[in-house]
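Q: Can we go through this one together? I'd like to begin with the ligand.

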Amino acid sequence: MNYYNENTVLYLDGRMIKASEAKMDLYSQSLHYGYAVFEGIRSYKTVSGQTRIFKPIEHFERLRQSALALNMPYTWNIDELIQATYEVLAANNLSDAYIRPLVYAPANMSFAQNTESHITIEVWEMQPFLGEKLLRVMRSSFQRPNPKGFKIHAKAAGHYVNSILASQEAKANGFDEALLEDMNGNIAEGPGANIFFEKDGKLFTPAGGNILMGITRATVLEICTDLGIPVTEKICSYDELKKADAAFFCGTAAEVIGWGSIDDHTFPATWANTQSAKIQAAYKQRVTEDEKTVQLETTSDKQEKLTATAGL
Ligand code: PMP
């Protein structure tokens, strides 16, 4: 995968610079200890041909909350980062893109807190998912990090070593992706996506506490409300999942992607006939529709609300 070429531009500490000329300090605490926070955001070409970043306030607010959770200095505001992201997209002539903001630490080989952080926003092309493929998923031998050992609501770089181990294990065993359980042995999430499953037309998803509270997960919950599909957030076991009619992963990168099987068990429902498939179609439509022209809430209103709920 080519993330950049000699013409690619990225955002670094307030400036647009060529990706091929950007430098970072090899003595950064982030590189040595995984002490950084990041976001994964998508932009889409809307039905009228505009470039739209999907849920940018939610993502940049989570970035701020992640940095605060890790005691990293954070000095940027949401509007400035959204504006910078639109500029990076335009400079690279991209509409359907993956957007990766990363907040990282300066040179520091100790564990002490820093007085400043750096920020970069990188973008690369990513086409929307067509939704035809069904995943073969493996129950991972790895559990998600213990919430008493990590701030698991933060999207911290170091947590992703766990994701890498689980995903590589699944692929080495001939599967497409992993499903991880939490420290209590209940199902939690994928290496980079949340999970829902469907039984008798009802949807279920693991409750908060041991998972990253995905922004796509929140969108799926909104879609369920809009479509009148009953959905329950609760502690879910592997055995319950195995008795489901269908299941899917959801995440910014994954969007909504159905499962064909978990381990040696094939889900019985025909994907196209499920409520899950309806949700997948609604998600696809939602991300590519034009933004409402009437903004009912200002950015700061929305940020205040998000901070108050603080679930990330
Ligand atoms: N869980 C994990 C561990 C993730 O890395 C992600 C991707 N950020 C998600 C869930 C889904 O989150 P979102 O919908 O906000 O992308």
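A: First, a term: a residue is near a molecule if one of its heavy atoms lies within 4 Å of it. This is a predicted model: local features need pLDDT of at least 70, side-chain atom pairs count only at pLDDT 80 or more, and totals for chains, interfaces and linings use all residues. Residues are numbered from 1 along each chain as its sequence is written, and side-chain values use heavy atoms, with hydrogens and water left out.

Q: How many residues surround the ligand, and which are the closest?
A: 16 residues surround the ligand. Lys 155, Tyr 160, Glu 189, Thr 216 and Thr 252 are the closest.

Q: What about Thr 216: how many Å from a ligand oxygen atom is its side chain?
A: An N or O atom of the Thr 216 side chain is 2.6 Å from a ligand oxygen. That is a polar contact (a pair of N or O atoms within 3.5 Å). Ile 215 places a backbone N or O atom 2.7 Å from a ligand oxygen. For Arg 62, a polar side-chain atom lies 2.8 Å from one.

Q: How much of the ligand's accessible area does the protein cover?
A: 96% of the 380 Å² that the ligand has on its own. Areas are Shrake-Rupley, with a 1.4 Å probe.

Q: New topic. Which residues of the largest nonpolar core touch the most other members?
A: Val 37, Leu 70, Met 72, Leu 81 and Val 103, out of 30 residues. Such a core joins buried Ala, Val, Leu, Ile, Met, Phe, Trp, Tyr and Cys residues through side-chain atoms within 4.5 Å. Buried means under 20% relative accessible area.

Q: And what does Leu 81 touch?
A: Leaving out residues up to four places away in sequence, Leu 81 touches Tyr 11, Phe 60, Tyr 74, Trp 76, Ile 119 and Ile 121. Contact means heavy atoms within 4.5 Å.

Notes
Buried means under 20% relative accessible area, exposed over 50%, partly exposed in between (1.4 Å probe, protein chains only). A polar contact is a pair of N or O atoms within 3.5 Å; within protein, one must be able to donate a hydrogen and the other to accept it, and residues adjacent in sequence count only if both atoms are side-chain atoms.
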